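Please load the structure in your viewer and keep the selection panel at hand. The stops below say what to select next and what is there.

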Amino acid sequence: MPKIIFPDNTEAVVSEGTTFLDAIKGHNKELLKNAVAVNVNGEIKDLKGIITGASDSIRLLPVTLDSKEGAEVCRHGAAHVMAEAVKSLYPNVKIAIGPAIEDGFYYDFDTEKPFTPEDLEKIEAKMSEIIKGDFPFIRETISKKEALDLFGNMGEVYKTELISELADGEITVYRQSGFTDLCRGPHIPSTRFIKAFKLTTSAGAYWRGSEKNRMLQRIYGVAFASKDELKAYLFRVEEAKRRDHRKLGRELDLFSTNEDIGSGLVLWHPNGSAVRMIIEEFWKKEHAKNGYDIVFTPHVAQLNLWKTSGHWDFYRENLYSPMEVEGQEYIVKPMNCPFHIQIYKSRLRSYRELPIRYAELGTVYRYERSGVLHGLLRVRGFTQDDAHIFMRPDQLETEITGVLNFTLYILKSFGFNDFDIYLSTRPEKYVGSLDNWEKAEAALRGALTNLNLRFSVDPGEGVFYGPKIDIKIKDVIGRAWQCSTLQVDFNLPERFDVTYRDDQGAEARPIMLHRALMGSLERFFGCLVEHYAGAFPFWLAPKQAVILTVTDRNNEYAAKVLRQLKAAGIRAALDDRNEKLGYKIREAELKKIPYMLVIGDKEQAEEKIAPRSKDKGNMEPVTVDEFIKRVEKLTRPGGGEIL
RNA sequence: GCCGGCGUAGCUCAGUGGUAGAGCAGCUGAUUCGUAAUCAGCAGGUCGUGGGUUCAACUCCCUCCGCCGGCUCCA
């Protein structure tokens with residue numbers, strides 16, 4: 001007879017055929033509060049699942065709605081309920097797949113008429129009805145043939161396609177109310193366990209994610225264990241909107257795009273440019289310190305160069321079309337690497353010179369399909385903080401470690417401290433020798449391990465020319481953006497026949513490393529804006545301080561203070577308009593300027609200024625020199641905290 | 001590129017067949033004011049583009065462009 005071990009480590013023996021539910025009920029009813037499933041030796045199962053004798057010792061742990069697994073089970077249930085609602089409202093619709101996802105769920109439907117927002121409201125109302133009905137989810141096991149018949153008779157062609165690919169044997173289906181779906185489970189006991197949900201949006205989605213297949217209509221929803229959690233989710237959505245760099249970009253006059261110029265092409269306004277220049281200066285200084293040589297290369301080059309590099313063959317759909325000049329075809333550059341290679345090749349290289357590190361803030365243009373463009377985060381023209389390192393094979397791990405350290409230092413300087421790191425390994429189609437691949441992967445892995453960095457492996461997700469490490473930056477509300485990348489390349493050195501003379505005087509092939517720390521300045525800047533919600537730390541702020549006069553009696557003194565601040569290198573401005581102080585403060589707050597410096601008759605008489613920090617409010621009046629001294633340490637990169 | 005939504009003044013948004021409206025911003029004037037919006041006046045739009053239907057189109061239909069949310073893509 002199976003032995004049950006409960007969470008409190010007490011044990012009980014039950015007879016075969018007992019359900020998990022009854023077993024727990026017999027032990028401690030309290031455990032069933034909010035329970036939607038059960039963890040059986042680490043596997044999530046239905047509460048009403050049957051205990052078999054196969055395993056003689058069973059560790060049972062109720063899975064509650066407020067746990068991660070419980071929420072997932074609940075969200076999956078919501079997907080089924082949505083499918084039922086859709087089928088009952090629109091009987092001709094075919095159902096495809098409907099999994100749980102982060103915060104919610106979706107379901108794909110094949111329908112002649114896409115869903116309108118009004119349809120979503122109707123579906124939502126129907127779902128509420130079903131949930132109130134408290135219909136149990138009933139699991140059934142049938143044979144493959146029965147399943148094919150069952151869904152075949154319903155005309156559910158997507159389901160039969162899925163079933164026909166399953167191995168012969170038992171197939172599980174779940175029924176609730178009048179709805180039956182192919183499903184592995186587990187499921188919530190009944191529909192009322194869906195406590196709070198909301199349909200969010202509908203969108204097209206290809207069947208099985210392939211452009212070659214029919215486009216289905218996907219409805220997205222969110223579901224939570226309580227109304228409060230749903231409210232918290234909606235608040236997070238609002239918060240994300242508040243931080244949206246596209247909105248802040250306009251409000252803070254940082255950048256714009258323009259229909260007459262073209263999609264995905266960015267205009268950096270003076271405020272955005274000011275931040276960019278600070279980033280670039282910092283970048284240049286740090287690269288000089290870290291052994292890089294900075295180079296400049298053209299924006300266009302002959303088509304032949306890109307044939308040699310392979311871009312013309314492998315990357316053509318992302319290239320801007322060639323232009324003809326004096327019978328020669330040129331294209332605008334999608335990458336900087338061939339240029340750096342040509343600089344390397346401009347003379348013979350010795351093993352003694354390696355590694356050679358060429359860095360460039362190189363602006364590249366790539367044709368991205370219109371549907372993928374997104375603010376500054378996905379554009380068609382962008383500036384990479386690019387570098388290519390040419391090295392001997394024995395230098396691989398040292399160089400990778402160096403680049404990783406450098407990357408983390410740069411990212412941390414900008415206030416990013418949370419990363420997701422991915423190591424992508426050899427894909428099915430690859431160039432280069434297996435031996436080299438293994439060495440490179442080992443070097444990447446070794447560097448990550450030596451630096452004690454947590455990373456996940458994306459098997460087979462490497463680029464065809466070499467393995468890579470990607471670092472995604474997490475912003476303050478937990479969203480991840482890929483910026484940094486570090487890629488080993490066995491391909492280009494071959495294609496361009498890049499060589500050096502080794503210590504025996506023989507010709508040898510260097511290994512090349514592509515790397516970008518911030519990725520592109522556009523994307524990085526977009527992330528920065530969101531990260532700080534537009535309130536840049538002092539060292540990055542386009543305007544660091546604004547002087548506010550109380551009356552125009554103070555204007556002359558204020559102008560003198562402005563000169564002092566500017567002489568000290570502070571990016572200051574003067575607001576001496578004939579407006580009330582409250583009005584000026586409000587404007588400065590909205591512009592997110594770190595310091596407001598109030599000057600009224602009192603300050604003028606004492607030759608002082610009254611600082612007001614954007615974050616901390618009013619401060620005691622101080623002299624200009626005192627203020628300058630106080631903010632000095634904030635002007636250094638990474639010096640973010642306002643006094 | 002595909003699916004859906006949207007496009008009205010610099011910004012945020014009203015206006016559903018009878019030739020455009022508000023708030024904020026802007027400009028002018030008054031006000032000289034102490035920590036998140038002083039008052040008044042003025043000005044501002046060929047309603048994204050091109051075509052069609054109609055006596056009449058911001059409104060209905062089609063094309064294209066752009067934006068938004070997804071899908072796909074992102075060597």
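A residue is called buried here if its relative accessible area is under 20%, exposed if over 50% and partly exposed in between, with a 1.4 Å probe and protein chains only. This is a predicted model, in which local features need pLDDT of at least 70 and side-chain atom pairs count only at pLDDT 80 or more, while totals for chains, interfaces and linings use all residues. Residues are numbered from 1 along each chain as its sequence is written, chains are lettered from A and ligands numbered from 1 in the order in which they are written, and side-chain values use heavy atoms, with hydrogens and water left out.

Begin by selecting Ser 413, which is placed in helix H12 (helices, H or I, are DSSP runs of at least four residues and strands, E, of at least two, numbered from the N terminus). Ser 413 counts as buried because its relative accessible area is 9%. Leaving aside residues up to four places away in sequence, Ser 413 touches Phe 282, Trp 539, Pro 637 and Gly 638, where contact means heavy atoms within 4.5 Å.

Next, select residues 270-289, helix H8, together with residues 396-413, helix H12: they pack at an angle of about 150 degrees, with their axes 12 Å apart (axes are lines fitted to C-alpha atoms, for helices over the stretch in contact, and angles run from 0 to 180 degrees between N-to-C directions). H8 is therefore roughly antiparallel to H12, a term for angles over 145 degrees, whereas those under 35 count as roughly parallel, 65 to 115 as roughly perpendicular and the rest as oblique. To display the contact, show Phe 282, Glu 286 and His 287 of H8 with Phe 406, Tyr 409, Ile 410 and Ser 413 of H12.

Move on to the open sheet, in which 3 strands are ordered E9-E10-E11 with antiparallel pairing; two strands pair if DSSP finds at least two bridges between them. Its edge strands are E9 (138-143) and E11 (179-182), each pairing on one side only, and the twist averages 30 degrees from one strand to the next. Between E9 and strand E10 (residues 170-176) there are 6 bridges, and Ser 143 stands opposite Glu 170 in E10.

Finally, select helix H2 (residues 68-89) and helix H3 (residues 117-132), which pack at an angle of about 115 degrees with their axes 9 Å apart.
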